[in-house]
Amino acid sequence: MMTESDVLIVGAGGAGLSGGLMLARSRRKVTILDGGQPRNALASHMHGFLSRDGWSPLALISSGRAEVESYGATVESTQALSVAPIDSGFELTLASGDLHRTRRLLVTTGLRDELPSIPGLAAHWGCGVAHCPYCDGWEARDSRIAVIATEPGSVHQAQLLRQLSDRITYFTEATQLSETDRNGLRVRGIEIVVTRIARVIADGRMLAGLELEDGSRRPFDTVFVRPKAIPNDALLKQLGAAMQTRPDGQDWVVVDTNGRTSIAGVWAAGNVVNAAATVPVSAAAGSMAGTAINADLVAEDIAAAVR
């Protein structure tokens with residue numbers, strides 16, 4: 001089956017739904033593909049989103065989906081497998097085997113978090129194991145917090161958490177500490193542990209602490225770790241979007257302030273191009289992309305009318 005739209009949005013999180021809302025309110029024919037795998041699905045609450053602090057991220061998506069559908073947008077529970085440029089825009093093959101043609105494309109497929117291979121760590125991801133001091137730090141205030149280093153930026157993570165608790169333990173794991181960073185941790189009372197972690201200890205379903213390779217056990221209430229962010233950018237790569245190597249050593253798709261990629265007619269917003277984007281930042285990026293896409297379509301419509 002073949003379907004068509006003015007704009008196809010791949011990804012139905014904060015970025016995709018916000019972009020869809022702006023476009024649908026501009027009376028564009030919008031289709032949004034919901035792959036059903038939001039990055040924050042395991043989190044019971046989200047924070048730092050004005051007027052929505054403490055909401056379930058899934059509740060936000062459900063509410064946002066209802067809003068965009070109320071303006072005539074279509075949300076389909078499926079994924080896009082491949083994309084190819086055509087004269088009128090782009091043609092995508094969906095997981096159902098159907099084809100979809102669109103004049104413009106907005107990719108908001110997010111990223112996936114790759115955690116260190118410490119036994120038990122993944123089982124507590126989103127409940128006892130967190131990564132963002134701004135999203136989850138307040139809930140861990142004044143408690144026993146372990147920070148597992150995965151990269152040099154983990155030092156900054158520990159220092160942010162020190163604002164919330166004076167019981168921070170920094171596990172260096174496979175990273176190396178500079179003398180400056182080591183002194184910075186020590187002067188603020190952050191304990192440094194070089195012994196490697198063997199596994200995460202649980203008390204029933206609750207995280208209880210860490211067992212080290214020397215057999216000792218350390219009780220903790222929360223563990224913070226910076227996972228490796230892997231962008232879900234396969235569609236953008238298929239189209240040959242320009243990439244840039246960032247300080248994390250990975251290649252990320254380059255976008256301008258409105259989310260426009262190097263490929264004419266293609267925008268991207270949210271975690272697929274910005275690992276640091278929280279829910280409100282992703283929503284704002286999607287909104288900006290939506291307005292930019294509508295303006296681009298208006299320009300094309302004017303040119304077509306003149307011809």
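## Basis

In this predicted model, local features need pLDDT of at least 70 and side-chain atom pairs count only at pLDDT 80 or more, while totals for chains, interfaces and linings use all residues. Residues are numbered from 1 along each chain as its sequence is written, and side-chain values use heavy atoms, with hydrogens and water left out.

## Helices α4 and α5

Helix α4 (residues 154–162) packs against helix α5 (residues 179–187) at an angle of about 15°, and their axes are 11 Å apart. Helices here are DSSP runs of H or I with at least four residues, numbered from the N terminus; axes are lines fitted to C-alpha atoms over the stretch in contact, and angles run from 0 to 180 degrees between N-to-C directions. The two helices, α4 and α5, are therefore roughly parallel (angles under 35 degrees).

V155, A158 and Q159 of α4 meet D181, G184 and L185 of α5 in the contact (heavy atoms within 4.5 Å). Three of these residues are nonpolar, two polar and one charged; Gly counts as polar.

## The second largest pocket

The second largest pocket has a volume of about 290 Å³. A pocket is an open set of points on a 1 Å grid where a 1.4 Å probe fits, with protein on both sides within 12 Å along at least five of seven lines; lining residues have an atom within 4 Å of a point. The volume is the space filled by probe spheres set on the points.

Its lining holds 16 residues, and S18, F49, L60, G64 and E67 lie nearest the centre. At least two lining residues come from each of α1 (14–24), α2 (57–70) and α7 (279–306), with α2 giving the most, six. By class, the lining has nine nonpolar, five polar and two charged residues.

Methods: Angles under 35 degrees count as roughly parallel, over 145 as roughly antiparallel, 65 to 115 as roughly perpendicular and the rest as oblique.
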